[in-house]
Amino acid sequence: MSKQKTWSDRFESALNPAIAIFNASIGFDIELIEYDITGSIAHAKMLAKTKIISDAEAQQLESGLSQIRTEYQQGNFNPGIEAEDVHFAVEKRLIEIVGDVGKKLHTARSRNDQVGTDIRLYLRAEIREIQQYLRKFQSALLTHSEQHVETLIPGYTHLQRAQPLSLAHHLLAYFQMTQRDWERLEDVYKRTNISPLGCGALAGTTFPIDRAYSAELLGFDNIYQNSLDGVSDRDFAIEFLCAASLIMVHLSRLSEEMILWASQEFSFITLKDTCATGSSIMPQKKNPDIPELVRGKTGRVFGHLQGLLVIMKGLPLAYNKDLQEDKEGIFDAVKTVKACLEAMTILLNEGIEFKTARLSQAVAEDFSNATDVADYLAGKDVPFREAYNLVGKVVKTSLAAGKLLKDLTLEEWQQLHPAFEADIYEAIAPKQVVSARNSYGGTGFDQVRQAISQAKSLLNT
Ligand code: ARG
């Protein structure tokens, strides 16, 4: 390790080697290098525009920075611990390449506004990527939905059979959840895309900088109004982690359902070999590792949200080194969310098959049409609560007799209530039960078809 010291001549000796390792972030913030270079090029251009440095100097800085980018992309720039962090690593390399003029780059800038700029540039790009992943996931949901409008699946409340559903309706619920996720990211993007560059260490700078210009070069929509806020704000990152956590909530709920559906007890889906795993000891096993992992990885994303909230809650203004701890959680959340969205998309596209025969048997073997009997009577002017009590009694006696509602004879129906007629059988047939729930947003096939066409046009815009 180099004994060279990093700090001003105030310091007489280098850091204790163990402390240098403890203090360094280069091991993880190298992830930001492309953004650091982009931010530095914009800063150099701004310095030239405001005549703080000459045009020729800015050009030298830019070409040196571009060279570092190439070196990095080609695997030839691998700064070690002595660089402390990505910002110093780039600056030191720049000075090696362009000489003393490289020492001018950090004029009117601090690592505090620099790191804030980098993390925003990084996150804004990743937000756009995650939105793409969400779109692919939604389109996989939509493909299944189009195939399964009239495939019925038991619907549950309290994990007890409640009312049957169109399978497409069930899947489209996840479409809506992930649509909100997409929109939430759109909103987080707005507050991420604001430039702190030029806020300096905390107080601004004595140089006649042009913050709006560097912000414009970097594609920021706005600049921070208060320099202290600019360097110490991580609200956007917390908001991002909230949005990421909700994506994981949604993926985890679907995972849980898939795990249940793949069990022998439910048996609603088959897992294909490309997306399932075996057991090292039980040869008969086919395990849903993919949704289990997604469900499991949800915890770490929640953890990163909690971690950053705790980092921020007691921080006095402005920058404190605690903020270096924001990065690993953000990076890991980004990677985890992308990996989980991709895995779930593949699982939907090629990893599962709905067992339609088993599903149609499932909806015919229970009392989930009981509400429809009550609705039938209510439609014949029997007050709903009265009808509800009566049907409860029918369910009780049928259960005792080992019968389903469809097995009752017309005589039996009419003994229960004279309003029953032969059309009761049609009214409680599973397909009819589902298609009749045609209220807006309901599971009726017409509603579902409309929902599919709306979802499609949303994906096409
Ligand atoms: N590596 C630091 C971080 O990630 C960069 C900013 C350091 N600023 C400072 N004043 N020590 O936060």
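**Close-up 1. Residues surrounding the ligand in the predicted model.** In this predicted model, the ligand is surrounded by ten named positions, S25, D29, D85, H87, R111, N112, V115, Y319, Q324 and K327. Sorted by class, this shell comprises 4 charged and 4 polar residues, together with 2 nonpolar ones. Helix α6, which spans residues 111–147, gives the most to the shell, contributing 3 residues.

**Close-up 2. Polar side-chain atoms beside the ligand.** Three side chains of the shell, those of R111, Q324 and K327, are shown here with the ligand. For R111, a polar side-chain atom lies 3.2 Å from a nitrogen atom of the ligand, and for Q324 a polar side-chain atom is placed 2.7 Å from a ligand nitrogen atom. In the case of K327, an N or O atom in the side chain is 2.6 Å from an oxygen atom of the ligand. Taken alone, the ligand would expose 340 Å², and the protein buries 87% of that area.

Close-up 3. At least three residues of the shell around the ligand are drawn from domain 1, residues 17–107, and at least three from domain 2, which is made up of residues 112–145 + 156–355.

Close-up 4. Strand β1, residues 152–157, and strand β2, residues 160–166, run antiparallel and are joined by 5 bridges. Within this pairing, I153 stands opposite L165 of β2, while P154 has P164 as its bridge partner in β2. In a regular strand, side chains alternate between the two faces of the sheet. The two strands form a hairpin with 2 residues between them, and in the turn H158 has a positive phi of about 60°.

Close-up 5. An unreviewed UniProt entry lists residues 10–303 under the annotation "domain: Fumarate lyase N-terminal". In the model, the C-alpha atoms at the ends of residues 10–303 lie 40 Å apart, and the span is 61% helix and 7% strand. The UniProt annotation "domain: Argininosuccinate lyase C-terminal", likewise from an unreviewed entry, covers residues 367–434. For residues 367–434, the end C-alpha atoms lie 14 Å apart, with 65% of the span in helix and 0% in strand.

Key: Residues numbered from 1 in each chain as written. Predicted model: local features only at pLDDT ≥ 70, side-chain atom pairs only at ≥ 80, totals over all residues. Heavy atoms only, no water. Near = heavy atom within 4 Å. Polar contact = N/O pair within 3.5 Å; in protein donor to acceptor, adjacent residues only side chain to side chain. Areas by Shrake-Rupley, 256 points an atom, 1.4 Å probe, with all protein chains shown as cover. Helix = DSSP H or I, 4+ residues; strand = E, 2+ residues; numbered from the N terminus. Nonpolar A, V, L, I, M, F, W, Y, C, P; charged D, E, K, R; others polar. Domains from an automatic or database assignment. UniProt positions renumbered as here; feature names shortened; annotations may be inferred. Pairing = 2+ DSSP bridges.
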